Amino acid sequence: MCVNVLLAPLSPTGSAGPSVAMSAKAISEQTGKELLYKYICTTSAIQNRFKYARVTADTDWAHLLQDHPWLLSQVGKATGFLKNFLIEPFVPHIQDEEFYVCIYATREGDYVLFHHEGGVDVGDVDAKAQKLLVGVDEKLNPEDIKKHLLVHAPEDKKELSERDGRVVVVILASFISGLFNFYEDLYFTYLEINPLVVTKDGVYVLDLAAKVDATADYICKVKWGDIEFPPPFGREAYPEEAYIADLDAKSGASLKLTLLNPKGRIWTMVAGGGASVVYSDTICDLGGVNELANYGEYSGAPSEQQTYDYAKTILSLMTREKHPDGKILIIGGSIANFTNVAATFKGIVRAIRDYQGPLKEHEVMIFVRRGGPNYQEGLRVMGEVGKTTGIPIHVFGTETHMTAIVGMALGHRPIPNQPPTAAHTANFLLNASGSTSTPAPSRTASFSESRTDEVAPAKKAKPAMPQGKSATLFSRHTKAIVWGMQTRAVQGMLDFDYVCSRDEPSVAAMVYPFTGDHKQKFYWGHKEILIPVFKNMADAMKKHPEVDVLINFASLRSAYDSTMETMNYAQIRTIAIIAEGIPEALTRKLIKKAEQKGVTIIGPATVGGIKPGCFKIGNTGGMLDNILASKLYRPGSVAYVSRSGGMSNELNNIISRTTDGVYEGVPRLNVYGSCVTLSGHSRSQNDCGSRRGQIFLLHCCSWSNSEWVPLTRGLFLVAWQIGGTEEYKICRGIKEGRITKPVVCWCIGTCATMFSSEVQFGHAGACANQASETAVAKNQALKEAGVFVPRSFDELGEIIQSVYEDLVARGVIVPAQEVPPPTVPMDYSWARELGLIRKPASFMTSICDERGQELIYAGMPITEVFKEEMGIGGVLGLLWFQKRLPKYSCQFIEMCLMVTADHGPAVSGAHNTIICARAGKDLVSSLTSGLLTIINNPDMRVQILKDYVRQHFPATPLLDYALEVEKITTSKKPNLILNVDGLIGVAFVDMLRHCGSFTREEADEYIDIGALNGIFVLGRSMGFIGHYLDQKRLKQGLYRHPWDDISYVLPEHMSM
C-alpha cells in the first residue's frame, strides 16, 4: 500500500533556509493545485483532479476514511511529527516518466525551465534544464516549447503510445503552454512542478510549489477566492501576528509583526520598512541574533489608536516571561517625511503607562531614537513618561546615528548622560528683511560648477550614456506636472524651490480627472500664487510644453493606466510613480514601454528623489525644517542611490553631518520586484538583474565620469540590499575604469542568513536566488573590488566622513562658503498643531466631539451609547441637555416623537411638503416648506401619553393644573380640550423640572431657548420626510390646485 505523502508546511520552497518576501507570497500546495485544476486550459489529460486528503493534528480519521474511501487500500503507517500535509493517490510510474517544469518572473520577462528528468534527484536545474525566456507581452506557443525546451526528451518518449496513439512531446507542449497561460492569468510569480509525471493515462501534477503576487488581489480576487498564506516552515503562527495583520488590512498605514523568539530578550518597535531591516541587521551584527524576539514595523502615518494597539501587543508579548538579564525594547526609526512623530508617540506612551507595572517587573530598558516632523515634542513626552513611571527610557534624536541605540542597549557603547539637543521643529523663521522677492542663491559657489582650473581625472571616463536617455534627470529649470490633488506635496516642492532660490516654481500644473479645470492656490515664499489644475492630461501637456517630468500620485489601481498615458507624450522624460502595490506584471510592462520611449521611471513605490538646489519630487526630504537641517537647499559633494525610500532622509542626515551635503539622491530608481527570498531547491521569482542593473550602473557612471554631469570632485554612496546583482556591476564598472570616484556602499539584509526560518521583511526588495545575492556576499565582493564597505550600518557615517575628509585633505573636494538659506513662513495649520500659536475659536460646542478615534456625545463615547441601549431619547438627552436622563424620560421623549410624527396629508405642513415634492424640489427644500407651516392640532392619542406620564413621572403639577383647566373649558364647549401638543408641552416641562437632572433655573432656560419646539420639529420632520418619499415613490407629477376649489373675489369692474 503506497501513497504520495507531501511532508511540507504547504509552502512552496520546502527549504529551511531563510527568505524574505513581501508582495510575492507563498501559497500552500493545496491552494496552488486547486487553482491549477480549476483554471488551466490544456488538451492534456490531467489526472487526479481535486483528489487528495488534507490531514492536520485535528483530523478525525474515521470521517477522513468515509470522505476518502480510496485511502483504505493505500494508506500505510507514517512516522514522525506531521503538522500539515496532503495525502494523494499513489501514481504508479517509472523514473523516465518524471519531468521538471518551472516558471518564474524576472525583470525582462518570465523564464520557463524544463528538464526531462524530474524528481527529488533532479539536482542543479539551473545548470541542467532547458531555459526559455518569454518576454514581456509575448506569448508562449507549443512550437517554441518543442523547439527550445523539449529538445533533450529521450527518443523513446517521442514514440507513439500503444494505448492512445498520442505523442508524449505533444502532451508536454500542450500542458506547458496551458500552464504558462494559467501562470500569467492568475498573476503567479513562481510556479514549479517536480515531478510532473506523464504516463499513458495522462498528466499527473505530483509536487507543486508556487507564489502569487499578493498585490494583484484586486484583479484576481474572484478567481483566487480567500487565499491562505501559510507561515514558513520552522515557525509557528501566533494569534498576535494575525491580530496585527488584521489591523494592517484595515488601515492605510503599514503594520507588520513577526515573532522570531518569544522568549528573547531584545524586542523592537521600528518605524519604516528599510529602517526595520537595518535595526535587525545591527542587532545581529552585534551578537544579538539569538536574543532577537521579533521583527516588525509601523509606518505610513498610523493614528494614535493604531500605534497604541501595535505597541500594547508588543508590550504584552515581551512581559509574559522573565529573562535573567532583563529585557530591552528598541523604539527606533529613520527620519519621517510627514508623520507627526509626537502624535504617533502618544499611542506608545499610552501603552507604556498601561504596562508600567509589568515593564518594571521584567526590568525592561527602553531606547528611543526618532526624527521627523515634531519629533522633539515626541522625544520630550517619551522622556517624561520614563520619569513619571520609573522605567529607564533613553531618548535620542537626529543628532544620534540611527542605530547607535542598538550598541548602547547591548553594552557596546556608552549611554550619553546629556544627549545633544537638536533645533526645534519650528526652526524656520520669517525673513528678517521683510522682502518677499526671491532671494539670491544660498551658496557663493558649488563644487559642481565647472572651473577652468579643474584637474583632469586620473582615469579616462568611458561613455555610459545610452541612446534616448536624458543627459540629466533634474536641473534648476526642471518643470513638472503632478497627477493627483496632492496639495501638501506640491506646497512642499514650492517651499523647496523657494529656499533653493529658483526663479520659478517647479510645478507647472496639476492633473485631477475628478474635477473640472480650475486653479489651486499655493504659497511662493510669502505671497500667494495660482497653479492650474486640468481635468485631462492632454490639455495640461498642450499648455505646458516646457514640462518634462510627471509625478504620479495616482492610486495603485489607476497608476498603471495614467503612467501608460503619460508615456504617449514625447515631452516627458522622467516619471516618478509614488503608489505602492502595483502588481509586478504591470510594472514590467511599464518598464518595457519606458525603455522603448527613452523615459526614466523612478518607482513604483518611491518616496521620490531630490537634487539639492534644483528639484525635489513630492514629499522627498520631509518637511522644510529637515530640508534645512540636511542642507538640501544647495548641492554638496555626495551623490547616492538607495533602494529604500524611507531611508533616504536618514542618508541625507548622515551625509549632511559627515560631509558638505548631498549632490543628488534617488531612492528606488526604476525598481522592480518586492520579494527577497533565500530558497533551497526551489527558485524564487524576480531575478531582476540585467536591465535594472544597467540603469543602476548608468547612474553610478554618470555621477562618476560623464561630461554631462558636472560632478567632478565628489564621491557617491550606494545603499542597497539583499537580492539582485546590481552591486556586481559596480565591481565590474570599477575594474573596467568606468567608475573612478570613491564609492561607499552597504547592502542591508545581512541578518537574513542568520535567521533559521523565512521572515517577511516589511521592506521590499529583489529575490536572493543564490548565495551570491545575499547581502553578506555582495558586501564582501564590493570590498574586494575597492569599494569602501563598513562592517555594519552602525559605522556607515564614520566611513563616509573618513573618505570625505581624505578627499578634502588632498584638495579633491573644496567645500564652498556657506550662506544662510532664505526663510519661509510656517504654515498656519502646522504651527497650530505644534502649539506654537494660539487663536480664539470661531465656534464653541459642548455636546459633541468628533476629533478623536471615537465620536463623543456630551462626554459619552458612541460605543457606550449603543452598549447601554440609550435609544433616541437618551441621545437627545445628551445632545440637547448634556444630561443622561432617567429611562422613563427617554421613553417619554420617544413617545412624543412617535405621536407627533404625522397628522395626515391634509394638515398644512404635510400638504406643503407634498406640493414641493411634486414640484420636483429636493428633500431639504420640501421639508423646510412643511416645517414653516406647522400648527397645533387636536389628537385622540392624548390618553396614551397622559397615562404614561401619570404612571412614571415623580411629579406632574403642571399637567394636573392643565387637566383642571380642561374640566372648566370643556364644561363651556366640548371641543376646548387639552390636545396632544398641549399635553406634550406641559408634560415636557414637568419632566425637566422634576426628573432630578436639572435645577429649576436650568429647566426654565431650556424651555425659553426652544427645547420644547425641538420635539415638535423633530417629530413632524419624520412625517414630512415620509410624505416626500411617498410622493416620489408614487411618481406624482406637478400639483396644480383645481379652479373650482378657489373662490375668485375680484373688484366688480374687473369681473367677467
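**Aromatic pairs**

I began with the rings and counted 15 aromatic pairs, taking rings of Phe, Tyr and Trp (its six-membered ring) as paired if their centres lie within 6.5 Å, with planes under 30 degrees apart called stacked, over 60 edge-to-face and the rest tilted. I looked at Tyr498 and Trp524, which are edge-to-face with 5.7 Å centre to centre and 85 degrees between the planes. This pair links distant parts of the chain: Tyr498 is in helix α15 (residues 487–499) and Trp524 in strand β19 (residues 518–524), 26 residues apart. Helices (H or I, at least four residues) and strands (E, at least two) are DSSP runs, numbered from the N terminus.

Are Tyr498 and Trp524 buried or exposed? I found both Tyr498 and Trp524 buried; buried means under 20% relative accessible area, exposed over 50%, and partly exposed in between (1.4 Å probe, protein chains only).

Next came Phe998 and Tyr1006, also an edge-to-face pair, at 5.6 Å centre to centre and 75 degrees between the planes. Phe998 and Tyr1006 are buried too. I then saw that ring pairs link Phe998 and Tyr1006 with Trp880, Phe881 and Phe988 into a cluster.

**How I read the model**

A note to myself: this is a predicted model, in which local features need pLDDT of at least 70 and side-chain atom pairs count only at pLDDT 80 or more, while totals for chains, interfaces and linings use all residues. Residues are numbered from 1 along each chain as its sequence is written, and side-chain values use heavy atoms, with hydrogens and water left out.

I checked pLDDT, the predictor's confidence in each residue, from 0 to 100. The chain has a mean pLDDT of 79, and 79% of its residues reach 70 or more. Over residues 423–468 the pLDDT is below 50, and I noted 97 contacts for this stretch beyond near neighbours in sequence; contact means heavy atoms within 4.5 Å. Residues 669–699 also stay under 50, with 156 contacts beyond four places in sequence. Where pLDDT is low, the predicted coordinates should not be read in detail.

**Salt bridges**

How many salt bridges does the structure hold? I found 26, each a side-chain nitrogen of Lys or Arg within 4 Å of a carboxyl oxygen of Asp or Glu.

I picked out Arg588 and Asp110, whose side chains meet at 2.9 Å, N to O. Arg588 lies in helix α18 (residues 584–597) and Asp110 in strand β6 (residues 109–115), so the pair ties together parts that are 478 residues apart in sequence. Arg588 and Asp110 are buried.

Lys223 and Asp185 form a salt bridge at 2.5 Å, N to O. I traced Lys223 to helix α7 (residues 217–224) and Asp185 to helix α6 (residues 168–185), 38 residues apart. Lys223 is partly exposed, with a relative accessible area of 32%, and Asp185 is partly exposed at 39%.

Arg320 and Glu240 form a salt bridge, with the closest N and O atoms 2.8 Å apart. Glu240 is buried, with a relative accessible area of 13%.

**Charges over rings**

My last entry covers a charge over a ring (NZ of Lys or CZ of Arg within 6 Å of the ring centre and within 35 degrees of the ring normal). I found Lys131 over the face of Tyr111, 5.5 Å from the ring centre. Arg634 has its charged end over the ring of Tyr633, 5.9 Å from the centre.
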